[in-house]
Amino acid sequence: MEVAQNSYIKENKSLFKKLVDTLLKDYEYVSLLAQNGEGKVYSVSKSGVRIDANNRILVQRGFVVKVYDAGCFAEYSGNDISDTKIDEIVKTIKDDLLKLGEGNAKSSYIIPEDEPVSFSKSTEYQIDPAELGDEAIISRLKGLFDKGMGFDEKILNFAVSCNYQKYSKLFLSRNRDMEQNVMWATGMVCAYSLKGEEVKTAYRPCSVLGGMELLDRLDSKVFDSCKVAIELIDSEPLAPGEYECICSPETTGMIVHEAFGHGVEMDMFVKDRALAAKYVGEYVASPLITMHDGNAVNDTATYFFDDEGTMSKDTIIIDKGILVTGISDLQSAGALGTEPTGNGRRQDFERKAYTRMTNTYFEAGNDKLEDMIASVKDGLLLEDPSSGMEDPKNWGIQCMVNIAREIKDGKLTGRIFSPIILTGYVPDLLKSISMVSDKKELCGSGFCGKGYKEWVKVSDGGPYIKARIRLG
C-alpha cells in the first residue's frame with residue numbers, strides 16, 4: 001500500500017499556491033515548503049511502558065516560504081495559513097525581512113533552476129502503525145521484552161523500543177508542484193548483563209522504509225542481543241595497536257558516515273572546513289571502494305525531493321577509490337559552481353536547510369565473509385558500533401565499537417575484547433581496505449546532527465570490509 005496524502009497539505013494547498021502566486025508578482029523567485037509529520041515512540045523495559053506522541057522531531061506541521069530579492073533570500077516560517085494571513089505574511093516579508101539586508105553587502109546567491117516539474121509520489125508500507133494501534137504495538141513489544149528477560153538469568157534487563165514517522169511534504173514555486181508522502185519505522189533491542197559492577201550492553205537496531213512490519217525484524221534481533229550481552233561478561237581489554245580487522249556492515253556504516261560522510265558535505269567546502277575539497281579527482285580509498293549517497297537504495301532517509309525542491313538522486317562520491325564529488329544543498333552548490341545533489345535538508349520548517357547525508361554506504365564487492373576471516377592470521381572482527389566523532393578539516397576519526405572478536409590463523413577463537421576505540425587518518429584506513437564482501441546491509445535507526453543540533457533521519461552501511469585499523 002502507498003502512504004496517503006496528509007489532510008493538512010490537501011486542505012491548504014490552494015492557500016499555499018495563492019501565497020506563492022501573490023509573492024511572484026513582486027519577486028523573481030519564490031518557493032514554499034509545507035510539511036506535516038506524525039509519529040510516536042514506544043518503549044518497554046523493566047522501568048515500564050512508555051508512549052511518546054509529542055516527539056518534536058517526529059510531530060511537525062507548518063510551512064516555510066523563501067523569497068529571492070536583489071541578491072539575497074528571506075525566509076518566513078509559520079503554521080497559520082488563511083486568506084487574511086496571506087496579506088500579513090506578504091507584508092512581513094516585504095517590510096521586515098527583506099529590509100534586514102538593506103545597506104549591507106549582498107550575498108551572490110544564485111536563483112535555483114526552476115524547470116517545470118509536477119508529481120505526487122508515495123513510498124509503500126505493509127502495516128500502518130495508526131491502524132494497528134498503540135495497544136497492539138505495546139503488546140508485541142511486551143512479548144519481545146518477556147522473550148529477552150527469559151533468555152537467561154544473567155540478563156539483568158532488556159529494553160525494546162520502536163518509533164515511526166509518516167510525513168507529507170509539498171514544494172511549490174513558479175514552475176514546480178511536487179508532493180511526497182513517506183513513512184519509515186525503526187526499532188532496537190538492548191540486552192544488559194553485569195560484569196562485576198560494570199553493566200554490559202548489546203544493542204541491535206533495525207529499520208524499514210515502511211510501517212510496523214518492522215516488528216517482525218525486531219523479533220529476530222532478541223536472541224542475538226542476549227547472547228552477546230552474556231558473552232561480554234567474559235570480555236577483556238584490548239592492547240592498543242594497529243590490527244588487521246574485518247568490520248561488520250554496521251561498523252562499515254559508522255566509518256562511511258563519520259570518516260567520510262561528514263567530510264564531503266560541501267557547505268564545509270565553502271567554509272574551508274573539509275580537507276576533502278582539495279582531493280577531488282584523487283585516490284582517497286582502495287580501488288575496491290565505491291561510495292554512494294541518495295536514493296539508489298530504500299531506507300529511512302529515502303525521499304523524492306529535498307527541502308529545497310531539488311530531486312533526490314544517486315550520488316557516487318567515491319568511484320573505485322577516486323573522490324568524484326561531495327554532496328550539496330543549493331547554497332553550497334551555487335557558491336562552488338556545481339550541480340546541487342538533492343541534500344538540502346531541514347530538521348523542520350522552522351530551521352535552515354543544510355547539506356546533509358541521506359542513505360550513505362559502500363558498494364558490495366566480490367569476497368565471501370568466510371574467505372575474509374580465513375585470510376586473517378592474527379586480527380579482529382569488529383561489531384556493534386556505538387558512537388563516533390569526525391574531524392573533516394584534518395580527516396581524523398574516533399569511534400567506539402562494543403565488540404572485537406579475536407581471529408587466529410583464519411578462525412574465530414571465541415575470545416572477545418571490549419570496549420574498543422577506533423582511531424586514525426581516514427585515507428590511511430580507506431586505502432588499506434583489501435577485501436570487500438559480496439553483500440551489503442544498511443540501517444537507519446538513528447538521527448544525525450549538524451554540530452549537535454539540526455537532527456535529520458539518515459541510514460548508513462555497506463558490506464564487510466577488511467582493513468588495517470588503529471585500535472585502543
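Asp348 is buried, with a relative accessible area of 0%. This is a predicted model. In it, the side chain of Asp348 forms a salt bridge with Arg56, at 3.7 Å from N to O. A search of the whole structure finds 37 salt bridges.

**Salt bridges across the sequence**
- Asp348 lies in the loop between β13 and β14, and Arg56 in the loop between β2 and β3, so their pair ties together parts 292 residues apart in sequence.
- Arg56 is partly exposed, at 42% relative accessible area.
- Arg346 pairs with Glu75, and their closest N and O atoms are 2.8 Å apart.
- Arg346 sits in the loop between β13 and β14 and Glu75 in strand β4, so this pair ties together parts 271 residues apart in sequence.
- Arg346 is buried at 6%, whereas Glu75 is partly exposed at 33%.

**A salt bridge within one helix**
- Lys227 forms a salt bridge with Glu231, with the closest N and O atoms 3.3 Å apart.
- Both belong to helix α6, and they are separated by about one helical turn because they are four residues apart.
- Lys227 is partly exposed at 42%, and Glu231 is partly exposed at 24%.

**Nonpolar cores**
- The largest nonpolar core has 48 residues, and Phe260 and Ile318 are among those with the most contacts inside it.
- Helix α7 gives the most to this core, with five residues.
- A second, separate core has 33 residues, including Leu141 and Val228.
- Beyond its neighbours within four places in sequence, Ile318 is in contact with residues including Phe260, Val284 and Met291.

**Leu214**
- Leu214 lies in helix α5.
- Leu214 counts as buried because its relative accessibility is 0%.

Key:
Residues numbered from 1 in each chain as written. Predicted model: local features only at pLDDT ≥ 70, side-chain atom pairs only at ≥ 80, totals over all residues. Heavy atoms only, no water. Core = buried A, V, L, I, M, F, W, Y, C linked by side-chain atoms within 4.5 Å. Buried < 20%, exposed > 50% of the residue type's maximum accessible area, 1.4 Å probe, protein only. Helix = DSSP H or I, 4+ residues; strand = E, 2+ residues; numbered from the N terminus. Contact = heavy atoms within 4.5 Å. Salt bridge = Lys/Arg side-chain N within 4 Å of Asp/Glu carboxyl O.
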